[in-house]
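Open your viewer and get ready to click through some residues. We will visit a few charged pairs and then head for the core.

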Amino acid sequence: MTDSDRPTGAEADRSWDPSGPWTRAEAAAFLTDSRVPIRLSCRTPGGGLWMLSLWYEFRDDALYCATAASADVIEFLDHDPGVAFEVSVNDPPYRGVRGQGEATVDPDPEKTVLRSLIDRYLGGTDSALAQRLLDKDREEVKIRIDPTRVATWDYSDRMKDVQDSDRGDPA
């Protein structure tokens, strides 16, 4: 199914209410505000598991990523669109959103999603990395992940006394 084939309005609302401490609105706010990569897991055509990290943005109740059309994960998602995902902070107090969903891959010849992700993660296109990713010869695709099951966790209460400075620096 491509974005243009997706239902709209009431028939498009495949509501997911997360299990865990956060409401759907709180989970959506976390996904919108977080700038860590999403960890995405899928199956290979041979039945193995594959995990990768990608930049993402959350909008329209879906997670959007971008990658090169030649990336291995595109073949894997074409074979089986079922995915698991996690977005979580790397430092205490640990909290995040994980779940399952269906991925849809579509061409993105104008690199619209990639441009948005570069703005989100790099703050603009002035870096060498941004210029390499936006190269006119690089064929780009967008990945839309529609969550079907979502869980949240937040260990803020139990980790109140844990700060980054409390962990010390290994020598």
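Start by selecting D137 and K136, which form a salt bridge with their closest N and O atoms 3.6 Å apart. A salt bridge here is a side-chain nitrogen of Lys or Arg within 4 Å of a carboxyl oxygen of Asp or Glu. Both D137 and K136 are exposed (exposed means over 50% relative accessible area, buried under 20%, partly exposed in between, using a 1.4 Å probe and protein chains only).

A word on the model: it is predicted, so local features need pLDDT of at least 70 and side-chain atom pairs count only at pLDDT 80 or more, while totals for chains, interfaces and linings use all residues. Residues are numbered from 1 along each chain as its sequence is written, and side-chain values use heavy atoms, leaving out hydrogens and water.

Next, select R138 and E140, a salt bridge whose closest N and O atoms are 2.7 Å apart. R138 is partly exposed at 21% relative accessible area, whereas E140 is buried at 3%.

Now pick E57 and R59: their closest N and O atoms are 3.2 Å apart in another salt bridge. E57 is buried at 12%, and R59 is partly exposed at 33%.

Then show R39, E86 and R98 together to see a network of salt bridges. How many salt bridges does the structure hold? There are eight.

Finally, select I38, Y56 and I145, which touch the most other members of the 41-residue largest nonpolar core. Such a core is a set of buried Ala, Val, Leu, Ile, Met, Phe, Trp, Tyr and Cys residues joined through side-chain atoms within 4.5 Å.
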